[in-house]
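Here is a set of questions and answers on one protein model. Work through them with the structure open beside you.

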Amino acid sequence: MKILFLTSRFPYPPFRGDKLRVFNLIKEFSRDHEIILATFAEPEDGQHYADLKRYVSRIEAVRFNKLKAYLNCAAHPFSLTPLQVYYYQSAEMKRVVAKLMAEEKPDVIHAHLIRMAPYAIEYAETPKVLDICDSMTLNYERFLTYRRDLAAPVYRHEQKRTRAYETTVPAMFDASVVISPHDRDFILGLNSDASLSIVPNGVDFEYFVPSAEGRDPDLIAFMGTMSYFPNVDAAKWFAADILPIIKRTLHQAEFYIVGSNPASDIERLDNDKAITVTGFVDDVRPYVAPASVFVCPIRAATGLNNKVIEAMAMGLPVVATPGACEGIGVTPGKDILLAEQPMDFAEAVISLMTDTGLNQRIGKAGREFVMENFSWQHAGDKLRQVYAEVTA
């Protein structure tokens, strides 16, 4: 089967959630199918073409123009279409997709995220799958609870646009997939007739492994794209409300915030001697794997938090908010510890940092859980079922 992937970001290196998902699905399907890729790309992506060509037979990249993207958004202030769709609106991408459809004649089109939906919907004769991942409507709804900056009104208006779009666009595809049960249930609440399947993310178990060099008993770690609001809010909340409680008992405790593009609020946390903000690193493992505890204090959570299952794959005991684990299916007290209030969260972290047996037990159970439930082969098998249905 020949599959045409449409993506808004060049999916290599797989450092962030959307790239991680696309790359690993491409890698999984390249074993027995031919992959064609149409993608937006930045100038620095050119150095990674050879890496991706190991899995893709043809790459057509469209240079992403940020100025034009902003102008596209500014030109449609009252439209019901989400701004993120206008942000990725491109006549050149439309021509590239038309060329690939004519020359390659794919058996199925896989559009990643609603922003790429417009490039697929006009090809009525070709089976189409929309990978929604997590509901942006639900995403906005949750993080607007905590967002108080000048951008909040823009996101509130964007939420209304996205709700209308997520209600209608799935019907234009033969099938749509989401990353977790609560995203599926939310979108079905918008449109009960939508054809939705769950295709979770996975973990590379050869890459994310327990540290062979031991663990630092004083180290607490968190990782993520640190310009993304839910991650920014989580790190700030932990640093302000939870870490001080921990340090009353464990005076030497340190908090590592690992991830690219830290917002200015996150960079300022680095002034605290107990907090290290790494910024972008080529490999997160040397900073995260030695931790005594991994925390995921995300309050505005949707989808499936890759950081949680990656930390669990490294054998790290995890303390998280319940919302951060909605799409994972963990058993609290067995695979993970959950807490919502600062005092409860701090006590859970302290218990793992002071009780070696509990630390090892939770870490071991967490790794076993994700190895059983979150392989990329498992995700690929779910998507194969969807492709089989739409191409039958």
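Buried means under 20% relative accessible area. The model is predicted.

Q: Which residues point one way from strand 5, and which the other way?
A: In a regular strand the side chains alternate between the two faces of the sheet. All six residues named here are buried. One set is Lys 128, Leu 130 and Ile 132, and the set pointing the other way is Val 129, Asp 131 and Cys 133.

Q: How many of the residues of strand 5 are buried?
A: Strand 5 spans residues 128–133 and is mostly covered. Cys 133, for one, has a relative accessible area of 7%. The count of buried residues in strand 5 is six of six.

Q: Which residue of strand 5 is the bridge partner of Ile 109?
A: Strand 4 (residues 108–112) and strand 5 run parallel and are joined by four bridges. In strand 5, Ile 109 has as its partner Lys 128.

Q: Which residue of strand 6 is the bridge partner of Leu 130?
A: Strand 5 also pairs with strand 6 (residues 175–178), in the parallel sense, over four bridges. In strand 6, the partner of Leu 130 is Ser 176.

Q: Which strands are the edge strands of the open sheet of six strands?
A: The order in this sheet is 10-9-8-11-12-13, with parallel pairing. An edge strand here pairs on one side only. The two are strand 10 (275–279) and strand 13 (337–338).

Q: What is the bridge partner of Ala 221 in strand 11?
A: Strand 8 (residues 216–223) runs parallel to strand 11 (residues 291–296). Three bridges join them. In strand 11, Ala 221 is partnered by Phe 294.

Q: Is Thr 7 buried or exposed?
A: Thr 7 lies in strand 1 (residues 2–7). Among the residues Thr 7 touches are Val 22, Leu 37, Phe 40 and Met 116. A polar atom of the Thr 7 side chain also lies 3.1 Å from the backbone oxygen of Arg 9. At a relative accessible area of 1%, Thr 7 is buried.

Q: What N to O distance does the salt bridge of Asp 18 and Arg 9 have?
A: Side chains of opposite charge can pair when their charged atoms come close. Asp 18 is buried, at 14% relative accessible area. Arg 9 is partly exposed, at 25%. Their side chains meet with an N to O distance of 2.3 Å.

Q: How many residues apart are Asp 32 and Arg 384?
A: These two form a salt bridge, with the closest N and O atoms 3.7 Å apart. Asp 32 is in the loop between helix 1 (17–29) and strand 2 (34–41), while Arg 384 is in helix 15 (residues 376–391). The pair links distant parts of the chain, with a separation of 352 residues.

Q: How many disulfides does a search of the whole structure find?
A: A disulfide is a covalent bond between the sulfur atoms of two cysteines. The closest cysteine sulfur to that of Cys 73 is in Cys 133, 20 Å away and too far for a bond. For Cys 133, the nearest cysteine sulfur is that of Cys 296, 17 Å away. The number of disulfides found is zero.

Definitions and conventions
Residues numbered from 1 in each chain as written. Predicted model: local features only at pLDDT ≥ 70, side-chain atom pairs only at ≥ 80, totals over all residues. Heavy atoms only, no water. Salt bridge = Lys/Arg side-chain N within 4 Å of Asp/Glu carboxyl O. Buried < 20%, exposed > 50% of the residue type's maximum accessible area, 1.4 Å probe, protein only. Polar contact = N/O pair within 3.5 Å; in protein donor to acceptor, adjacent residues only side chain to side chain. Contact = heavy atoms within 4.5 Å. Disulfide = S-S within 2.5 Å. Pairing = 2+ DSSP bridges. Lists of a residue's contacts leave out its neighbours within four places in sequence.
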